[in-house]
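I opened the notebook to go through one protein chain, from overall figures down to single residues. The entries follow the order in which I looked things up.

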Amino acid sequence: MREYGCPEKELFSFLAARREKDLGYRNILSSMCTTPHPIAAKAHAMFLETNLGDPGLFPGTASLEEMLVSRLGTLMHHTGAGGYATSGGTESNLQALRIAKKHKPASSPNVVVPASSHFSFEKACDILGLEMRTVPLDANFRMDTEALDGMIDRNTICLVGVVGTTEYGMVDPIERLSEVAEDREIFLHVDAAFGGMVVPFLERPIPFDFRLPGVDSISVDPHKMGMSTIPAGCLLVREPKVFNALNIDTPYLTVRQECTLAGTRPGASVASALAVLEYLGMNGMRAVVAGCMENQRRLIEGMETLGYPRAVTPDVNVATFVCDRAPPGWRVSRTRFGHMRIVCMPHVHRDVVEAFLSDMGEIDAG
Ligand code: 0PR
């Protein structure tokens, strides 16, 4: 650290210079995050110093976390869902596996996940000492449930399905996974970190949530399609009492016990997440999602006209293409199979799609 503090003006010109090196979202087509909704930014600023880790000091903010859980639980068709606001999908997935592990003691526990699952499951399995078994995908990059049977055994503590896979935007056959989970009495966790704020707002929603009786827990991230500030994730559970297994004593806090992973937790991004849901309502969220899906249709049509076929028709707004190039100035990403990947987030407006297609056309011409 410096011995004497830096004058404010100098400090902020330094910060501004560094901030300028960051990319603006306009040309970022590779991200599952987006510019926060203006309502999110405004709400965030009101709650800067709030700490949900000691909720008795911030009962107002804590009630917003409860409202967020209740709104998202209801969106997932379960008004009595339990849950808490996490730092994002990684923490939600880790905590879901912790619950599943506590739920079913096993000599050498394993977790069965689709090959498309997010790398957060690798981290969680490493931390929790779980064997991760990977189910192959079908031709449409969804979990191949035919291959599932032989992978489950009595040491399987959790089965995982993904709603809106990170790389291909697919929804696993959760209805089938729910049947398997019920038949074999296995905890079923649904990673809807991305798709949880897309699928419920589609014209034809695909069933994946607590309406399916085998689903025990769901990850859903407001800081992705919910346009909140970062960090805002949410872990939802069918039975609130499952969190008891994670409770540890916190004798000197305003609560006696806590089940969360983090101690100090931001209230600001949680307030921002709730504010967006309240401000937009179902109708507003449907419009946002419809816009993203419409822009994606245009992108796919435009790319195919240029001779770059889609790798698959996605269930949500993640488009992938057989295309080994990309125009300069644009950030796209590559899947593990080498496909170009574009996430049609709310900041990827129609004019952005048209500008990208026009630049793609130019590389072709050049
Ligand atoms: N589950 C799924 C299905 C995800 O796609 C992600 C992250 C997670 C869990 C983990 O969520 P957190 O990152 O909130 O812990 N998906 C994006 C990814 O890994 C996250 C991301 C977002 C990465 C923006 C880069 C970026 O610019 O691609």
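I count two residues as in contact when they have heavy atoms within 4.5 Å of each other. The model is predicted, and I keep that in mind throughout.

**Entry 1: serine 272**

I began with serine 272, which sits in helix α7, residues 268-305. Leaving out residues up to four places away in sequence, I find that serine 272 touches Ala40, Ala43, His44, Ser228 and Thr229. Is serine 272 buried or exposed? Its relative accessibility is 0%, and the cut-off for buried is under 20%, so serine 272 counts as buried.

**Entry 2: the whole chain**

I then stepped back to the overall figures. The protein chain has 8 helices and 12 strands. I compared its radius of gyration with the value for a compact globule: for 366 residues that value would be near 21 Å, and the chain has 21 Å, which agrees. Along the principal axes, the C-alpha atoms fill a box of roughly 65 × 65 × 45 Å.

Of the 366 residues, 52% count as buried. The accessible surface comes to about 17,100 Å², and carbon and sulfur atoms hold 53% of that surface. I also looked at the contacts with a separation of 6 or more: residues 24 or more positions apart account for 71% of them.

For charge, I noted 35 positive and 44 negative side chains. The centres of the two sets lie 2 Å apart.

I looked up β7, residues 233-237. How many of the residues of β7 are buried? I find 5 of the 5, so β7 is largely enclosed by the rest of the structure. I recalled that side chains in a regular strand alternate between the two faces of the sheet. In β7, Gly233, Leu235 and Val237 are on one side and Cys234 and Leu236 on the other, and all are buried.

Next I checked the pairing. β1 and β7 run antiparallel and are joined by 5 bridges. Glycine 83 stands opposite leucine 236 of β7. β6 also runs antiparallel to β7, with 4 bridges between the two. There, serine 219 has leucine 235 in β7 as its bridge partner.

In the loop between β6 (215-220) and β7, I located proline 231. The peptide bond joining isoleucine 230 and proline 231 is cis, with omega at about 0°.

**Entry 3: strand β2**

I followed β2 to β3, residues 131-135, and the two run parallel with 5 bridges. Valine 111 has methionine 132 of β3 as its bridge partner.

**Entry 4: two residues with positive phi**

I listed two non-glycine residues with positive phi. Histidine 77 has a phi of about 60°, and its place is the loop between α3 (59-75) and β1 (82-86). At 41% relative accessibility, histidine 77 counts as partly exposed.

Phenylalanine 141 has a phi near 65°. It lies in the loop between β3 and β4 (156-162). Is phenylalanine 141 buried or exposed? With a relative accessible area of 13%, phenylalanine 141 is buried.

Valine 318 has valine 343 of β12 as its bridge partner.

Arginine 334 belongs to β11. It is partly exposed, with a relative accessible area of 38%. Not counting residues up to four places away in sequence, arginine 334 touches Cys323, Asp324, Arg325, His339 and Met340. I also noted the C-alpha separation of arginine 334 and threonine 320, which is 8.7 Å, with the two residues 14 apart along the chain.

Note on methods
Residues are numbered from 1 along each chain as its sequence is written. This is a predicted model: local features need pLDDT of at least 70, side-chain atom pairs count only at pLDDT 80 or more; totals for chains, interfaces and linings use all residues. Side-chain values use heavy atoms; hydrogens and water are left out. The radius of gyration is taken over C-alpha atoms; the globule rule is 2.2 Å times the number of residues to the power 0.38. Buried means under 20% relative accessible area, exposed over 50%, partly exposed in between (1.4 Å probe, protein chains only). Accessible areas come from the Shrake-Rupley method with a 1.4 Å probe; for residues, only the protein chains shown count as cover. Lys and Arg count as positive and Asp and Glu as negative; His and the chain ends are not counted. The place of a charge is taken as NZ of Lys, CZ of Arg, CG of Asp or CD of Glu. Two strands pair if DSSP finds at least two bridges between them.
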